[in-house]
Structure formats: structure tokens, C-alpha cells
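Student: Could you take me through how helix packing is read in a model such as this one?

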Amino acid sequence: MSGYTGYALRFISGKYQGNEFPLKADYEVILGRGSELEIVLMEDMVSRHHAKIITGSDYVLVQDLGSTNGTFVNGERIRKIRLREGDRILIGTSILKLVPYEGELPVEEPAQQAPKMLPPPSSSPSSGALIPPALPSSTGQLGPAAPSSGSLSAMSVPTATKKLPAFGAGQSPSSPSSMGLPSAPPSLDFGPSSSSSMPASNADPFGMPASSADPFGGPLFDGPPPASSPAPSTAPPAALRTGSPTQLPKCERPELGQPLMTGTLAETPLSELIDLFANSRRNGVLVIDNGAQHGRLHLRDGRLIYAVLDDYYTIESRPSAIRILRWQEGQYALYAPFDQAIQEETNEDLNMLLQEARRSFDAIKKFHQDIPPSTQSLSIPVPLESPLKDLRPAHLEMFQLILNTGDINAVLGLSTLGDVETYQNIAFLVRQQYIYAH
């Protein structure tokens with residue numbers, strides 16, 4: 001790797017996501033909107049000469065060049081700083097990560113020609129400066145590529161990504177015609193088990209797909225329950241007494257246009273993403289999809305003004321945001337600010353919400369093995385052998401919600417308790433066999 005540092009800048013978010021730029025030793029690279037630059041970032045939030053990467057044989061520095069919107073490293077605005085492996089740089093809507101480079105390096109040709117990269121990205125016809133190739137358009141076609149003119153370019157690295165679900169045409173969350181309020185309270189069905197009318201979900205209560213690995217050491221909701229819990233019966237009770245699942249009113253998803261940046265929580269954890277947006281005072285709508293649930297965080301000056309989870313507009317923004325911020329997996333996209341009025345705006349500090357999400361996550365994990373996944377319905381076995389007189393008032397409230405709804409998401413939305421207490425009471429009722437998940 002003679003002549004190179006052994007590192008590269010990888011675009012993990014933004015228009016050029018998936019591209020890598022190997023870093024030469026004892027070299028300087030300027031990033032910005034200028035067409036003559038080696039790394040051209042064509043977007044309004046990027047200055048003409050925005051930042052500079054400076055390398056030596058054993059170090060990599062990044063320096064802001066007096067840009068209007070600033071350069072951020074791991075969420076902190078910087079002037080000049082030495083980078084370490086794994087550091088993330090935010091410039092405009094692009095996030096670049098310093099990673100070890102193990103790909104094929106450009107070959108120096110005998111006539112001291114500039115190194116060439118394969119495959120070549122598209123080039124600027126006016127200056128010959130190489131621009132990282134654009135992502136596929138809505139038609140699936142890549143933009144035209146031009147032959148390399150000799151400038152060092154970002155290599156295209158294929159990445160397996162899943163697109164966010166497309167938004168349907170709709171109105172603003174506050175539009176009365178899009179709220180879908182039920183005309184009458186749901187009736188109870190005391191017959192055999194009925195399936196939930198809530199949206200299908202493969203996520204556990206932490207907002208992670210049930211098939212994903214538990215960040216605390218094992219698969220969520222797989223394997224035997226804790227020793228203190230009775231072993232669940234493999235066969236359902238002879239009869240189940242269930243309520244008719246309650247459908248909370250929803251709003252239609254608004255049209256948000258094309259995303260300004262996209263990425264995955266595997267590359268950029270939600271905690272780091274929130275740090276970046278809060279410290280850079282970002283405006284926009286952050287959409288997060290974990291494959292089973294869908295959340296939107298509306299940001300203004302790096303603060304939360306509105307949040308909605310699975311389009312349930314009746315749930316307040318604060319608990320919705322905290323539940324979203326507990327997610328560990330998924331994809332995100334940042335859109336331009338919502339251009340319609342939002343009723344009942346809030347004004348929450350994102351970092352404070354993130355801290356609360358972390359605290360509740362740590363508390364819930366202590367009994368998460370007793371919490372059924374949200375894909376299952378909650379029912380009451382008949383006959384009910386566990387005596388109701390032994391339940392405390394909080395347990396009775398939870399028991400009634402489960403009787404009336406039969407759905408863990410509806411219970412969370414209707415409970416007067418916090419998420420930790422709600423999950424704790426559900427876990428207790430499961431352990432003591434007052435309720436049954438199926």
C-alpha cells in the first residue's frame with residue numbers, strides 16, 4: 001500500500017452512499033461544491049470549498065474551511081481535528097466514515113500519469129473533476145458515466161440495501177378527513193380467539209425485528225424463559241376469552257418528496273444520527289423504518305416538534321419519539337421540512353429524549369423475555385385459575401386494557417403508565433398466567 005494511508009472515506013449516507021475514496025499519504029483533498037475539486041458534493045448545504053482532508057504517513061486530519069453550515073465529527077462541530085478509525089464526518093447531508101481500505105488500489109503508470117480508479121465514476125465535462133456516481137434513479141437507471149480524466153475518484157462499492165416503503169398520497173397528520181376516527185367503540189367478542197386488526201408487525205417491544213439478535217447477548221424472545229417464570233404451555237387453553245382488538249385512529253402519510261439523505265442504522269446508529277442532527281441544528285423529517293414499524297420525527301433547528309409512530313396520531317409526540325429512539329435496526333431517510341401546519345407542536349431536546357430512550361431500554365431489558373412479541377395477540381384463558389383478588393390496581397388496569405384490546409400496541413397507546421411500568425405489568429401478568437400470548 002505504498003503511497004497510501006491504508007484508510008478510505010466511505011459514504012455511509014447521502015447521495016453517494018456506498019462509494020469509497022482511498023486516501024493517499026502526504027496528500028490534501030478538498031471537499032465542496034466546486035467543480036474543480038476531487039470530491040464534489042453538489043448540494044445547497046455544502047460550501048464551494050467546504051472542508052479539507054490532510055494525510056500523512058500515519059495520520060488523517062479534517063479541517064473546516066470556514067463553511068457556512070459547518071463540518072461535524074461524531075456530532076461535534078470542528079475546525080480541525082485528527083481522525084480515528086470509525087469517526088464519522090457530516091458535511092451537508094453526506095456522512096463519511098473513516099474505514100480501513102482493503103480494496104484494489106490504483107496502479108501508478110510509468111509516465112507519471114495520475115492514478116486511475118476502476119470502475120470510473122461520472123465526470124464533470126467542464127473541469128474533468130470526478131464526481132462520485134449518482135444512486136439509481138426512480139427508473140432504476142444509473143446516470144451516464146464519462147471516461148476518467150486523471151483525478152482521484154471515489155470507488156463505487158455495491159451495498160445491499162432495502163428501500164423504505166413508498167409513501168402513499170395523503171394529507172397532513174392534522175387533516176380531519178384523514179384521521180379515520182372510528183364511528184363507534186369496538187364491541188367485545190367473547191368467543192374463540194380473533195386475530196388482531198392492528199398492522200402486522202415482526203418487531204419486539206424494543207422496535208427490533210423478532211428475528212434479529214438481542215444486543216444483550218441472544219435472540220429476542222427465543223429460547224427458554226427465565227428460571228423464575230413458569231414454563232409456557234405448548235398447547236393453547238381449551239378456550240380463550242378475548243376482546244375485539246382495538247384499532248387506534250390513524251392519519252394518512254404525507255407526501256414528502258425525494259429524500260435528502262438515506263442510510264442504515266447498522267452503519268450509523270440512531271444515537272449518533274440524533275447527535276449529528278441535534279448539534280448541526282438540522283431541519284427536516286427523519287423517517288425510520290425497521291421492517292415492521294414506521295416512525296417519523298419532525299425536526300426544526302435540531303429539536304423535535306412532532307413525532308408519530310405507525311401513523312397513530314392520537315399518541316403524544318414524546319412517548320412516540322422515545323419508542324422510535326429505542327430501535328436498534330432499520331433504515332432511515334431525511335426529507336425536507338414538512339410544508340403544512342402541524343397541530344399540537346412540541347419543542348423537545350433530541351438529546352434529552354435519546355437519554356430517556358436509553359434509560360427505558362436498559363430498564364425494559366431486565367424482563368423482556370417475559371414480554372410477548374407484538375406479532376402475537378393477548379388473551380385471557382378460560383377458566384382463569386389465577387385469582388383476580390391478588391392483583392394490585394396497576395395490574396388490574398393492565399388486565400382490563402388487555403381484555404378490551406387484545407393487542408400490545410394498543411395497550412401501550414392507551415395505558416396511563418409509562419412504557420417501563422406498562423411492560424413490567426404485562427410481564428407480571430404473563431408470568432402469573434393471567435394472560436396468554438398466541
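Student: In which crossing, left-handed or right-handed, does H1 pass H3?

Tutor: Two packed helices are described by the angle between their axes and the distance between the axes. This is a predicted model, in which local features need pLDDT of at least 70 and side-chain atom pairs count only at pLDDT 80 or more, while totals for chains, interfaces and linings use all residues. Residues are numbered from 1 along each chain as its sequence is written, and side-chain values use heavy atoms, with hydrogens and water left out. Here H1 passes H3 in a left-handed crossing, meaning that the near helix is turned anticlockwise from the far one by less than a right angle. Helix H1 (residues 270-279) packs with helix H3 (residues 350-364) at an angle of about 160°, their axes lying 9 Å apart, and the two are therefore roughly antiparallel (over 145 degrees).

Student: Which residues of H1 and H3 make the contact?

Tutor: With contact taken as heavy atoms within 4.5 Å, H1 contributes Ser-271, Ile-274, Asp-275, Ala-278 and Asn-279, and H3 contributes Leu-350, Asn-351, Leu-354 and Arg-358.

Student: At what angle do H4 and H6 pack?

Tutor: Helix H4 (residues 393-405) and helix H6 (residues 419-431) pack at about 80°, with axes 10 Å apart, so they are roughly perpendicular (65 to 115 degrees). The contact joins Ala-394, His-395, Met-398, Phe-399 and Ile-402 of H4 to Thr-422, Asn-425, Ile-426, Phe-428 and Leu-429 of H6.

Notes:
Axes fitted to C-alpha atoms, helices over the stretch in contact; angles between N-to-C directions. Helix = DSSP H or I, 4+ residues; strand = E, 2+ residues; numbered from the N terminus. Parallel < 35°, antiparallel > 145°, perpendicular 65-115°, else oblique.
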